[in-house]
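This briefing is intended for a reader who has the sequence and the coordinates at hand. Please consult both while reading the notes below.

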Amino acid sequence: QGQLVESGGGSVQPGGSLRLSCAASRSISSLTPMGWYRQAPGKQRELVASITSGGNGNYAGSVKGRFTIARDNIKNTVYLQMNSLEPEDTAVYYCNTVPSLVVNGRPYWGQGTQVTVSS
């Protein structure tokens with residue numbers, strides 16, 4: 001079991017919705033800011049939404065008003081509700097701490113979950 005396990009991706013039509021989940025291991029404190037990142041083909045990974053331990057969310061301009069990040073500190077799970085999806089949202093989505101984890105001196109990322117938006 002990895003430290004971060006993402007799920008919930010899939011293929012949807014433009015305008016559709018998906019809810020992503022990320023189970024974080026207990027080694028990650030519930031006080032740690034968490035975020036959802038995405039990486040589209042040929043592009044750098046970008047942070048699209050982050051959330052503080054107290055539940056305050058911040059969003060990239062491209063997703064603001066369409067995506068909502070939430071967390072359950074008891075379950076150590078982070079969610080990303082994605083509505084009004086657009087083809088430009090197609091990417092592999094990852095959750096991670098903010099800033100992202102470094103384990104044994106190396107960046108750590110989970111396997112991610114693929115989101116494809118296409119008609």
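The notes that follow treat the open sheet, the aromatic residues, one threonine and a further set of paired strands.

The structure is a predicted model, in which local features need pLDDT of at least 70 and side-chain atom pairs count only at pLDDT 80 or more, while totals for chains, interfaces and linings use all residues. Residues are numbered from 1 along each chain as its sequence is written, and side-chain values use heavy atoms, with hydrogens and water left out.

**Open sheet**

- Six strands make up an open sheet of mixed pairing, in the order S2-S12-S9-S4-S5-S6; strands (E, at least two residues) are DSSP runs numbered from the N terminus, and two of them pair if DSSP finds at least two bridges between them.
- Ala91 has Val115 of S12 opposite to it.

**Thr113 in strand S12**

- Thr113 belongs to strand S12, which spans residues 113-117.
- Thr113 counts as buried because its relative accessibility is 9%; buried means under 20% relative accessible area, exposed over 50% and partly exposed in between (1.4 Å probe, protein chains only).
- A polar atom of the Thr113 side chain lies 2.9 Å from the backbone nitrogen of Gly9.
- Leaving aside residues up to four places away in sequence, Thr113 touches Glu6, Ser7, Gly8, Gly9, Leu20, Ala91, Val92 and Tyr93, where contact means heavy atoms within 4.5 Å.

- Two aromatic pairs are found in a search of the whole structure; rings of Phe, Tyr and Trp (its six-membered ring) pair if their centres lie within 6.5 Å, with planes under 30 degrees apart counted as stacked, over 60 as edge-to-face and the rest as tilted.
- The Tyr37 and Trp109 rings are an edge-to-face pair, because their planes stand at 90°, with the centres 4.9 Å apart.
- This pair links distant parts of the chain, 72 residues apart: Tyr37 is in strand S4 (residues 34-39), and Trp109 is in the loop between S11 (106-107) and S12.
- Tyr37 is buried at 9% relative accessibility, whereas Trp109 is partly exposed, with a relative accessible area of 23%.
- Tyr94 and Trp109 form an edge-to-face pair, at 5.7 Å centre to centre and 75° between the planes.
- Tyr94 lies in strand S9, 15 residues apart from Trp109, and is buried at 12% relative accessibility.
- Arg45 lies over the face of Trp109, 3.8 Å from the ring centre; a charge sits over a ring if NZ of Lys or CZ of Arg is within 6 Å of the ring centre and within 35 degrees of the ring normal.
- Arg19 lies over the face of Tyr79, at 4.1 Å from the ring centre.

**Strand S8 and its partners**

- Strand S8 (residues 77-82) is largely enclosed by the rest of the structure, because five of its six residues are buried.
- S8 pairs in the antiparallel sense with S3 (residues 18-24) over six bridges, and Cys22 stands opposite Val78 in S8.
- S7 (residues 67-72) and S8 also pair in the antiparallel sense over six bridges, and Ala70 stands opposite Tyr79.
- The hairpin of S7 and S8 has four residues between the strands, and Asn76 there takes a positive phi near 55°.

Key:
Polar contact = N/O pair within 3.5 Å; in protein donor to acceptor, adjacent residues only side chain to side chain.
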